[in-house]
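The sequence and structure come first.

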Amino acid sequence: MVRPDASPAAVRRVGPLQLPIPLGVVAVFGLAVAALIALVIFDLSPPLAFNDDWMYAWSVQQLVAGHGLRIFPESTALALPQVLWGAAFSLGHPDPRLLRLSVVPVVALTAWISFVLARRLGADRFWAAVAGTTLLAMPLFMGNATTFMTDNIFTGVVMAVALTSVTWAADGRRRWLCVVLLVLAALERQVGLALIPAVTLGVVIGRRHAWVRTDTAALLASWLIPFATVAAAGRLLVRQPLYAPTDLFQVHVDHALFPLAAMLGLGLIPFGAALAFRPRTAGRESAWSISCAALGVLGAIGCLVDLARFGMIFPGNVFSPLGFTAILPGSKPPIFPGPVFQAVEIAAIITFAMLFIVRRRWWTPTAMPRDAVLLLLVSASQFLPLLAVQVFIYDRYFLPVVAPLIPVVAAVGTGALRQPLARSWAALALIGGLALYVVGEQDYLAWQGARDQAAQLAYQSVPRDQVQAGFEANAVYVELPRYERTGRADLFAILGPSQPAITLRFGSQLDPRIGLRSDPRPAVPYVSLAPGRIVLDR
């Protein structure tokens with residue numbers, strides 16, 4: 001052997017250990033993993049129905065029992081991919097916990113697609129990691145993910161459509177996979193049909209100089225197959241629809257426009273500082289920038305209107321100061337302190353203002369990458385149908401509107417000045433959102449368990465159809481058995497008995513100094529960071 005020469009070139013100082021992945025990226029990915037672990041833990045809670053998921057769980061049960069694909073009449077979504085996936089994932093044992101767990105892979109896939117799209121748009125690894133983690137740290141998204149509802153699965157399919165349509169428009173790859181995903185989106189929720197014009201326009205723009213016959217065939221298939229399958233599924237599987245389209249859809253612009261600012265801001269809070277530190281976009285005002293500014297002003301007006309009507313800027317149903325989906329009557333101790341919830345509202349409004357007023361010139365389509373334009377089209381395709389929803393607008397309806405915008409804004413964050421401050425804010429926002437989810441979900445599971453116990457107590461003294469036990473209990477213990485006996489659905493889950501003998505209500509925790517003298521009604525207490533009781537009110 002020849003001994004190496006100890007020359008200056010051979011002897012080097014050993015510097016600090018260089019990690020293959022920056023520490024900030026590792027920390028953000030760690031938050032994503034923590035969110036998924038928390039989701040799994042909460043999914044393993046008692047096997048109760050949460051929100052609307054009893055309808056889709058019933059469809060899985062019917063399929064597993066050999067009765068074929070059946071859709072409950074109250075369901076406005078077909079949810080066929082979800083039902084088939086739930087039956088396969090649960091291996092023929094449709095326990096509510098297994099059905100909730102079936103949503104976890106879709107949630108993880110949605111996060112991964114956000115990361116991939118952000119990288120494709122030019123985001124560095126940190127901001128792409130933030131894009132992948134944003135939904136996992138959004139209390140609304142995660143609170144809804146701890147159910148077997150359609151919202152999160154549909155959002156995942158929308159993001160998969162976005163990714164495949166972007167690659168199709170760019171280089172012609174994955175066109176047929178995109179067609180398949182468009183069919184799945186429409187069969188999950190009929191509003192998925194609105195994705196078709198968005199994908200068509202994006203592909204036509206992106207492929208106009210490299211068009212081939214296969215593109216024509218794929219586009220024709222993307223229009224014909226989804227519409228045909230949805231029409232066939234609706235005719236064959238929906239036997240007694242309770243809602244006619246004219247009952248659900250009628251143009252009410254303010255229903256969707258007023259909550260838009262709050263919901264977009266809520267979903268993009270981690271990028272607020274990056275938007276604030278983004279360099280000014282050169283150029284003059286255009287019709288696009290003026291329209292964005294007008295949308296920002298309209299959004300601010302909408303927030304003021306909703307604040308005056310509802311006491312908060314978010315449309316509610318899932319995320320409110322009381323907690324997640326706190327729809328029982330009575331006085332529930334709020335799980336989110338007033339100052340904390342107001343801070344979230346302020347952060348959401350500032351983020352929206354930065355996005356559409358301060359950075360309004362950035363939204364000019366000619367100045368944006370084509371991939372970003374296609375993602376905007378996908379987002380718009382899921383917002384425009386909300387303008388025609390007559391009955392109600394819930395916060396969870398905006399999830400497929402917000403999700404495609406996250407990778408776009410992540411790319412903006414990469415070019416922000418004062419990166420240490422912008423990244424610190426993003427990390428703190430993700431931590432805060434994840435904490436809100438954990439706090440809100442433990443409270444939700446606590447009072448749902450107490451509510452079920454209270455319902456069982458009430459059923460021991462009066463017939464079940466004389467108890468107003470809340471939406472889920474009314475459905476599982478009264479409406480579903482009645483429907484299986486008679487073949488008729490009657491909205492008992494929503495309406496309950498006309499003159500209930502017992503009504504379950506929220507009640508605050510008893511004052512230990514006076515005990516039952518303060519409220520002698522029977523009740524089931526629950527343990528939470530904001531403890532309370534479910535009262536049986538005669």
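R482 and D490 form a salt bridge, with 2.5 Å between the closest N and O atoms. The term salt bridge is used for a side-chain nitrogen of Lys or Arg within 4 Å of a carboxyl oxygen of Asp or Glu. D490 has a relative accessible area of 33%, so D490 is partly exposed. Here buried means under 20% relative accessible area, exposed means over 50%, and partly exposed lies in between (1.4 Å probe, protein chains only).

The model is predicted: local features need pLDDT of at least 70, side-chain atom pairs count only at pLDDT 80 or more, and totals for chains, interfaces and linings use all residues. Residues are numbered from 1 along each chain as its sequence is written, and side-chain values use heavy atoms, with hydrogens and water left out.

Over the whole structure, 16 salt bridges are found. Side chains of opposite charge can pair when their charged atoms come close.

Helices are DSSP runs (H or I, at least four residues), numbered from the N terminus. D52 counts as buried because its relative accessibility is 16%, and R396 counts as buried at 4%. D52 and R396 also belong to a salt-bridge network that includes D151 and R189.

Helix α11 spans residues 213–237 and holds L220; V230 lies in helix α11 too. L220 is exposed, at 52% relative accessibility, whereas V230 is buried, at 12%. Beyond its neighbours within four places in sequence, V230 contacts L78, A186, L187, Q190 and L193, contact meaning heavy atoms within 4.5 Å.

L220 is part of a nonpolar surface patch with W223, L224, I225 and F227, and together they have about 490 Å² of accessible area. Patch residues have over 30% relative accessible area and no salt bridge; nonpolar side chains (Val, Leu, Ile, Met, Phe, Trp, Tyr) are joined within 5 Å, and like charges within 9 Å. Accessible areas come from the Shrake-Rupley method with a 1.4 Å probe, and for residues only the protein chains shown count as cover.

Note on methods: Helices (H or I, at least four residues) and strands (E, at least two) are DSSP runs, numbered from the N terminus.
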